[in-house]
Each structure stands twice: as structure tokens, then as C-alpha cells.
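Hello,

Here is the structure for you to look over. My notes follow below it.

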Amino acid sequence: MAEEIKLMKGNEAIAHAAIRYGTDGYFGYPITPQSEILETLMAETPWEKTGMVVLQAESEVAAINMIYGGAASGKRVMTSSSSPGISLKQEGISYLAGADLPCLIVNVMRGGPGLGTIQPSQADYFQTVKGGGHGDYRLITLAPSSVQEMADFVSLGFDLAFTYANPCMILADGIIGQMMEKVILPPYRKRKTEAEIREESPWAAQGKPKGRKPNIVTSLELDPALMEEKNNRFQAKYRKIEETEVRYEEFHCEDAEYLLLAFGSSARICQKAVELARLEGIRLGLLRPITLWPFPKVIIEAYSHKVKGMLSVELNAGQMVEDVRLAVNGKVKVEHFGRLGGIVFTPDEILVALKEKIITHE
Amino acid sequence: MKQEIIIAGFGGQGVLSMGKILAYSGLMEGKEVTWMPSYGPEQRGGTANVTVILSDNPISSPILNQYDVAIILNQPSLDKFESKVKPGGVLIYDGYGIHGEIRRKDINVYRIDAMDAAIEMKNDKVFNMLILGGLLKVEPMVKLENVLLGLKKSLPERRHKLLPMNEAAIKKGMEIIRKM
């Protein structure tokens, strides 16, 4: 039977998708604009239906360390928060990355720095793709631009996390979290049994059978030679992810003279800017990175030979634009347009910025 | 066909829920829909607004600079959104909420005295359904039967006994809206 089309907020879609994916546990602490994730999970009482644990922790720091514990035992575990709360989780995220632990983390961004505002923002791009926590680690980062993708990226995120034994983040913002759209939820999957977990994740701390060496899950290694070896292994894993998992979407790029680059909600607003530009006869396209790390640098480099200029449109002071500039390496003019502190640009503002920053300076 | 609508008023007037019912009605009609609310402090006593888009094709931006229809329920919202109605578009206002005059001459302006009608019906909860009725009379973007299905879908089951009252309010709203 075809799955029913529902109307819901992005935050609600994440919660429903998590239950249906067969997630073992959610640990979080409420914060606007993502509190509906925890609210929906509590209202759905999945512990009665699938056995999924939903727990409001005493703090964000506690929640991310519960994730560490759950992930270390091979479970599908997730947490969610918004910018200030994600900052609190950074130590735990670094530890998860340093211990090869798969998990899903959702950041529904709001304006910063500090406690900032509850309105939408994309100012955590640097924090997410350049580190955030300490050490040479990478976070697989998915940027949904619709409520449907909020639902779909739960299973994609978990699958990537378990394929590479690495934390994965869904980087959304207040617009995608609060907006209601049509969504088709994924089908129900059974949660993994303990036997399945032991088979699929032989590294998991699942209780030691006789005759097997203990599994030790840790990010600590005091011997620098071994720590370098471990880091080299991480780097090899990251190169493999960069080769295999880049995702992006093109919108009216085939004949584009100018290119917008935008992720998440900004990409939706940019689509309308492209429509408006084309009505005026400006051949504008949009390239939307879906994975922010690994970044789609190869395709962006390819477009640097085809277009006259690129504008990176972000709800921040200019973060992804740095990765775009690295990708094109000076071959074409790259500028940034953004609004800050929770103010959201409108499609016509983007078009004005394109004309001012790119077209008139050709 | 695409309809881009802003509904704006005070928190507590049922702005967001009216938008939600309109969005569900669009869903029932098989349209693409987005519902983008203002969230946060505005909801709690200040101005609240919601953008609803109904379209036969996939919807790009949920954030707009201009609207086909603006439903204006208080003076601050008129000040904010009057200039953002597309030329030839529609502005609907509640007579009780607006004290200034509407300056635009290039749009179609309608007045609906929904607050008065709600008081007459001895039920201030149906205020937003009166307005919705007025909207549907002026811009029949969704069939009434789908609105009623949408209403049912957006209300929790324990509230379904209120459906006839809401239907009556929608029909009343269709009667009392008038062109200015």
C-alpha cells in the first residue's frame, strides 16, 4: 500500500523518521527552534511500540555522553539540539569521532554567537565542517532543504554513520525545522537484535564471550606512534568518504552564465531567485551542496570554467564561500551574500546582490 | 496555478491555525503546500504571521517578498504587509482590527467584520473560520469539501464535535465579506 502523504514540520518529520528507522535511543535537551523533535518523540511513546528509548537528559553535555555510551554498545542512537546546545556537545562529538563511533546528531541552527536569537541562521557551517571539537576529525554533514529531506536524511545519516563508523550530522535551520510541508514517511524497520548488533558491529561493547579479547572503545592512546597510526587510519577513512559520498543538486545549471551556491533553506530561497532572474533573461543557475562535508568541490571546480561568476548565498557572514573559493582556486570571481542574526533574505534581495556583486563587476 | 498568501494579526487570533487548515485543505486537494510560521516571541501576544503557499507545481522558496493575498487582522500587520501585496492582488482586512486607511489603489480590497460576527455567534473561537470563509468566497482556491476535510484532519479527534460550528462560520464568512 502506498504510504500516506502527511503534512508536518521538519522537526516532527525527523522524530517520526527516527522511530520508523528503528532507532534504539534518543537523548536530548529542549531548545528552540528544535524542541518539537523531543516533544513529538515523547508524544508518540515509541518505547511502547518499538522499544526505542527517549530520554530528556539533564543537559546537552549529558545527552551527548549518553550517545557515546549507546553508540559504544553498537546501538542506533541520536541526539538533537540548536546552536548553543550543539556548542556544548562539541567535546563529546570529538570523543565520538576519536573512538570511531557511529551516531546521528541534528543541529537546527539559530542565530549566534552566544545565546543569540531563536530565529533561523546558518552560522554553524564552520563549526560543523571544520571541527568544532578538538583534533583532526571530520563530521559527515547532510544539509536538508525540505521537510521530505528531514525525514529521508535520518536513515541516510545513520547508514553513512554505520558504513564509516563515524558521527554524522544533519545540519538544518529554524526555517526547515518549523516549516510544514508534504512528506511521505519511510516504512517501519525493525530495530536490530542484540545478535545482529554483535554480528554487524563486532567492535561493540556488548559483553565479552569466553575466549574473545575484550572490546575497548576509547579515543585515548598514550603511545604517540600508535596515536599517529590511528590518525592515519582516520585520514584514510575521510579520503574514502570524500571519494564516495559527495552529494549535490543542480537547478537550471545546464546553460547558466552565473551560479548561486546555497545549502538548506537558503537553497530554497535561491531557487525562487533563479526563477526571478530567468524572467529577466539572466541565465542563472543554483548548485546546492547536500553533503557539506564531503564538499562537492570537483563539480564546483568544473563550473568555474563555464560561468562568469559565482555568489555563495548563506544566512551567515561568509563561511561556505571559503570552500567555494578553495574549489575554484581563483579561476572565477566568487562573492558572498548573507543576512545575519536571524534575519532571512528574500528572493529579490538575492537577485539585487547578484547584480551588484557579480554582474556589474564583470 | 500558485497562490502565495500571508495571514497576519495578533497572537491568539488563530492566525497560525487558520494557515494550517488552509494548508491541510490544499493537501486534500492534491496541491503542493508550504506553511511557514513566524515563531517565538511574536506568538505570545505580539504580531504573529504565517505564509501559506498552495501550488500545482513544486514550491521553491517558503520566504516571499510579495503576496497574491494578504489577510490583515491588526494595524501593525497592515503597516508591515500592505506594500507587499502584488499589484492586482487581494487584501482582506477585519474591520475591527484596522483603524487606519488602506492607501493602495492597485489592489482589490475586501472588508470582513468577522469580530462582530463572532460576537453575534457568541463564539470568539470561530473568528478565524469566518475570515477563512471570506477568503474562499473571494479566492476559491480550494473546494469547500476539501476545506472541511482539511479542518477534520487538522483538528484532534476530541475536537471533532466542533466541526459543524466551524463549517457554519466558514459559510457565514462567505456571506459577510464585501468589496471596498
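Chain A splits into two domains: domain 1 covers 5-194 and domain 2 covers 249-361. Bear in mind that this is a predicted model. The centres of domain 1 and domain 2 of chain A, taken over C-alpha atoms, lie 27 Å apart. Domain 1 of chain A puts 29 residues into the contact, and domain 2 of chain A puts in 24 residues. Between them, these two domains of chain A bury about 2200 Å². Carbon and sulfur atoms account for 56% of that area.

Next, the interface between the chains. Here 26 residues of chain B touch 26 residues of chain A. Chain B and chain A bury about 2100 Å² between them, with 62% of it on carbon and sulfur atoms. Which residues of chain B lose the most area to chain A? They are B:Y39, B:S60 and B:N65, which together make up 32% of what the chain B side buries.

Last, a helix pair in chain B. Helix α1 (residues 15-28) of chain B packs against helix α4 (residues 127-138) of chain B at an angle of about 45°, and their axes are 9 Å apart. α1(B) is therefore oblique to α4(B). The crossing of α1(B) past α4(B) is right-handed. From α1(B), the contact uses B:S17, B:M18, B:I21 and B:L22. From α4(B), it uses B:N128, B:M129, B:I131, B:L132 and B:L135. Of the residues in this contact of α1(B) with α4(B), seven are nonpolar, two are polar and none is charged.

Best wishes

Notes. Residues are numbered from 1 along each chain as its sequence is written. Chains are lettered from A and ligands numbered from 1 in the order in which they are written. This is a predicted model: local features need pLDDT of at least 70, side-chain atom pairs count only at pLDDT 80 or more; totals for chains, interfaces and linings use all residues. Side-chain values use heavy atoms; hydrogens and water are left out. Axes are lines fitted to C-alpha atoms, for helices over the stretch in contact, and angles run from 0 to 180 degrees between N-to-C directions. Helices (H or I, at least four residues) and strands (E, at least two) are DSSP runs, numbered from the N terminus. Angles under 35 degrees count as roughly parallel, over 145 as roughly antiparallel, 65 to 115 as roughly perpendicular and the rest as oblique. A crossing is left-handed if the near helix is turned anticlockwise from the far one by less than a right angle, and right-handed if clockwise. Contact means heavy atoms within 4.5 Å. Ala, Val, Leu, Ile, Met, Phe, Trp, Tyr, Cys and Pro count as nonpolar, Asp, Glu, Lys and Arg as charged, and the others, Gly among them, as polar. Domain bounds come from an automatic or database domain assignment. Buried area is the accessible area (1.4 Å probe) that two parts lose on being put together, summed over both.
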